[in-house]
Amino acid sequence: MILSVSDTRDTGPAAGHDPEKRRQILAGARAVFLERGFDAASMGEIARAAGVSKGTLYVYFEDKVDLFGALVACECDETAEVMFVLDAAEPDLEAALTKLGLSFVEAMLRPSHVATVRIVIAVADKFPTIGLRFLEAGPNSGVRRLSAFLQAKVDQGVLDIEDTDAAASQFLSLSKDTILAPVLFGAAATIDRVQIETVVARAVTLFMRIYGQR
């Protein structure tokens with residue numbers, strides 16, 4: 001059998017599966033959603049910002065809800081990959097928790113993250129899938145990653161924890177206590193670095209007091 005040129009050429013990724021094109025669309029969507037909000041943003045505007053046709057958007061995403069949900073999940077994944085770099089062999093547990101706590105709070109206070117969370121809160125009642133995707137890719141993912149690290153420390157005899165998922169959630173909550181809410185709800189534009197360090201240090205102290213081996 002003789003194959004023609006069209007039979008043998010590399011046609012590239014299948015429609016809707018080109019990772020570079022997907023990143024291009026998400027970058028355009030990010031700019032439009034942050035500037036316009038969810039309700040005011042249109043697929044036409046997003047297509048123009050991304051430099052693609054409107055038809056191409058629908059090859060990759062079902063609708064605006066699917067696109068925004070994918071953007072939220074992508075940003076949460078990217079943040080978690082950088083933030084939750086935890087080495088179970090690290091001998092100084094308090095230093096590791098302090099570093100994580102500071103990185104976590106700094107990520108939560110980024111203007112783009114605050115804006116995204118506000119949008120998610122605003123639309124979650126009408127579009128619960130967006131809220132669920134954010135919860136799974138953001139808070140739940142962070143808890144799982146930290147929980148695995150804590151379990152390793154339990155196995156090493158460094159910590160005494162029955163439920164590492166609950167302990168991970170508690171630590172992350174303590175780290176942002178009194179910090180995130182004022183910014184999220186517009187009561188404060190910024191938070192002083194000293195205050196962040198103080199709150200995280202207190203979170204580490206309380207965590208070790210509860211779960212540290214005696």
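**Exercise 1. Determine whether phenylalanine 33 and phenylalanine 38 are buried or exposed, and describe how their rings pair.**

Step 1. Phenylalanine 33 and phenylalanine 38 are both buried (under 20% relative accessible area, with exposed over 50% and partly exposed in between, for a 1.4 Å probe and protein chains only). The model is a predicted one, in which local features need pLDDT of at least 70 and side-chain atom pairs count only at pLDDT 80 or more, while totals for chains, interfaces and linings use all residues. Residues are numbered from 1 along each chain as its sequence is written, and side-chain values use heavy atoms, with hydrogens and water left out.

Step 2. The whole structure contains six aromatic pairs (rings of Phe, Tyr and Trp, the last by its six-membered ring, with centres within 6.5 Å; planes under 30 degrees apart are stacked, over 60 edge-to-face, the rest tilted). One of them is the stacked pair of phenylalanine 33 and phenylalanine 38, at 5.9 Å centre to centre and 5 degrees between the planes.

Step 3. Phenylalanine 33 also pairs edge-to-face with phenylalanine 68, at 4.9 Å and 70 degrees. This pair links distant parts of the chain, 35 residues apart: phenylalanine 33 is in helix 2 (residues 19-40) and phenylalanine 68 in helix 5 (helices are DSSP runs of H or I, at least four residues, numbered from the N terminus).

Step 4. Phenylalanine 33 counts as buried because its relative accessibility is 1%; phenylalanine 68 does so because its value is 1%. Ring pairs join Phe33, Phe38, Phe68 and Phe127 into a cluster.

**Exercise 2. Identify the side chains with which serine 147 makes polar contacts.**

Step 1. Serine 147 belongs to helix 8 (residues 128-155). This serine counts as buried because its relative accessibility is 6%.

Step 2. Its side chain makes a polar contact of 2.7 Å with the side chain of threonine 164 (N or O atoms within 3.5 Å, one able to donate a hydrogen and the other to accept it within protein; residues adjacent in sequence count only if both atoms are side-chain atoms). A second polar contact, also 2.7 Å, joins the side chains of serine 147 and aspartate 165.

**Exercise 3. Find which residues of the largest nonpolar core touch the most other members.**

Step 1. The core has 68 residues, and Leu146 and Phe207 touch the most other members (buried Ala, Val, Leu, Ile, Met, Phe, Trp, Tyr and Cys joined through side-chain atoms within 4.5 Å).

Step 2. Helix 5 (residues 64-83) gives the most to this core, with 10 residues.

Methods. Helices (H or I, at least four residues) and strands (E, at least two) are DSSP runs, numbered from the N terminus.
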